[in-house]
Amino acid sequence: MEINKPKKRLQRRIPVTSLSQILSGEKSCEYSLWFNSRYTCESNVKNLYSGYSPSDGKDKDPTSAHSKLVKNTAEFIKYYNKTILKERQFWYETGSGLFIIGRPDLITITYHDELRIYECKSKGESPSDKKQAALYSHYLPFVFNGYKKANGFVVYEDRTEVLFSNDLDDTLEELKSVIKMLDSNKQPKKIKYDLECESCKLNYNDCQEKSKAIPA
Ligand code: SF4
């Protein structure tokens, strides 16, 4: 049974996590991304405006494996960082008025004045991990004035991977067409894929393809 009718956002927004899933091929339906950047089923007026929500994407369970990994990583790196910010949300507005929103697990500034981001993954490796860290590395220097770049790291339970310049370059190249698609008023194609449709926020009224993938 359908309940919430989507409302048009006053300002378009897109989370870094969703962008990284499309860029990595973990998700393939551009329509879902496009629609969610423009509409919301949430009644919170702040979400209608900039998409800002203090709890968006925050790990609220201090006992979760993810929270523990973030805590342990912060503890491990504290000796060479003068600033460590945990799960601090940022947003960046593109020239076309699209809000990019993210919440890196750790943003740090080393004693050598290097801006860093650490993204912690406790559920194993996904193709979007490096894309996500690359997007944070790209957008954070716009937020932290005075820093030309941010170095990115992906932390797993058993290792830490460093982001190289080609990870960043490849991601930014692929990002251009996705931002162009999001900025366009032309609706992109719906790509029906059972698992993806199942977790998609669009309801049966918003997307007729959903009923073909998952009969109501
Ligand atoms: S329900 Fe499926 S086809 Fe429709 S927008 Fe979502 S992912 Fe795309």
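# Reading a helix-and-sheet model

Q: At what angle do the axes of helix α1 (residues 16-24) and α6 cross?

A: Two packed helices are described by the angle between their axes and the distance between the axes. In this predicted model, the axes of α1 and α6 cross at roughly 100° and come within 10 Å. Angles of 65 to 115 degrees count as roughly perpendicular, so α1 is roughly perpendicular to α6.

Q: Which residues make that contact?

A: On the α1 side they are Leu-19, Ile-22 and Leu-23, and on the α6 side Thr-171, Glu-174, Leu-175 and Val-178. Sorted by class, the contact has five nonpolar residues, one polar and one charged. A helix rule is handy here: an α-helix has 3.6 residues a turn, so residues three or four places apart point the same way.

Q: Which residues of α1 are buried, and what do they pack against?

A: The buried ones are Val-16, Leu-19, Ser-20, Gln-21, Ile-22 and Leu-23. They pack against β2, α2 (30-38), β6, α5 and α6. Just past the end of α1 you will find Gly-25, with a positive phi of about 85°.

Q: Let me step back to the whole chain. How many helices and strands are there, and what share of the residues is buried?

A: The protein has eight helices and ten strands. Of its 216 residues, 31% are buried. Sequence separation is worth checking too: among contacts with a separation of 6 or more, 66% join residues 24 or more positions apart.

Q: In what order do the strands of the five-stranded sheet lie?

A: The order is β4-β7-β8-β9-β10, in an open sheet with mixed pairing. Its edges are β4 (81-86) and β10 (160-162), each of which pairs on one side only. From one strand to the next, the twist averages 25°.

Q: Which pairs run parallel and which antiparallel?

A: Take the strands pair by pair. β4 and β7 are antiparallel, with five bridges, and Leu-85 has Ile-107 of β7 as its bridge partner. β7 and β8 are also antiparallel, joined by four bridges; here the bridge partner of Ile-107 is Ile-117 in β8.

Q: How do β2, β5 and β6 pair?

A: With β2 (residues 13-15) the pairing is parallel, over three bridges, and Pro-15 stands opposite Ile-101. With β5 (residues 90-93) the pairing is antiparallel, over four bridges; Phe-90 has Gly-102 as its bridge partner. β5 and β6 form a hairpin with five residues between them, and Gly-97 in the turn has a positive phi of about 85°.

Q: Is Lys-189 buried or exposed?

A: Count the neighbours around the residue. Lys-189 has 12 C-beta neighbours inside 10 Å, and 12 or fewer counts as exposed. Lys-189 sits in the loop between α6 (165-183) and α7 (194-199). Leaving aside neighbours within four places in sequence, its contacts are Glu-30 and Tyr-31. Tyr-31 is 158 residues away along the chain, yet the two C-alpha atoms are separated by 5.7 Å.

Q: Where is the pLDDT below 50?

A: Start with the overall figures: the mean pLDDT is 89, and 89% of the residues reach 70 or more. Over residues 48-52, however, the pLDDT is below 50, although this stretch has 17 contacts in the model beyond near neighbours in sequence. Where pLDDT is low, the predicted coordinates should not be read in detail.

Definitions and conventions. Residues are numbered from 1 along each chain as its sequence is written. This is a predicted model: local features need pLDDT of at least 70, side-chain atom pairs count only at pLDDT 80 or more; totals for chains, interfaces and linings use all residues. Helices (H or I, at least four residues) and strands (E, at least two) are DSSP runs, numbered from the N terminus. A residue is buried if 20 or more other C-beta atoms lie within 10 Å of its own, exposed if 12 or fewer, and partly exposed in between; C-beta atoms are placed from the backbone. Two residues are in contact if their C-beta atoms, placed from the backbone, lie within 7 Å. Two strands pair if DSSP finds at least two bridges between them. Axes are lines fitted to C-alpha atoms, for helices over the stretch in contact, and angles run from 0 to 180 degrees between N-to-C directions. Angles under 35 degrees count as roughly parallel, over 145 as roughly antiparallel, 65 to 115 as roughly perpendicular and the rest as oblique. Ala, Val, Leu, Ile, Met, Phe, Trp, Tyr, Cys and Pro count as nonpolar, Asp, Glu, Lys and Arg as charged, and the others, Gly among them, as polar. pLDDT is the predictor's confidence in each residue, from 0 to 100.
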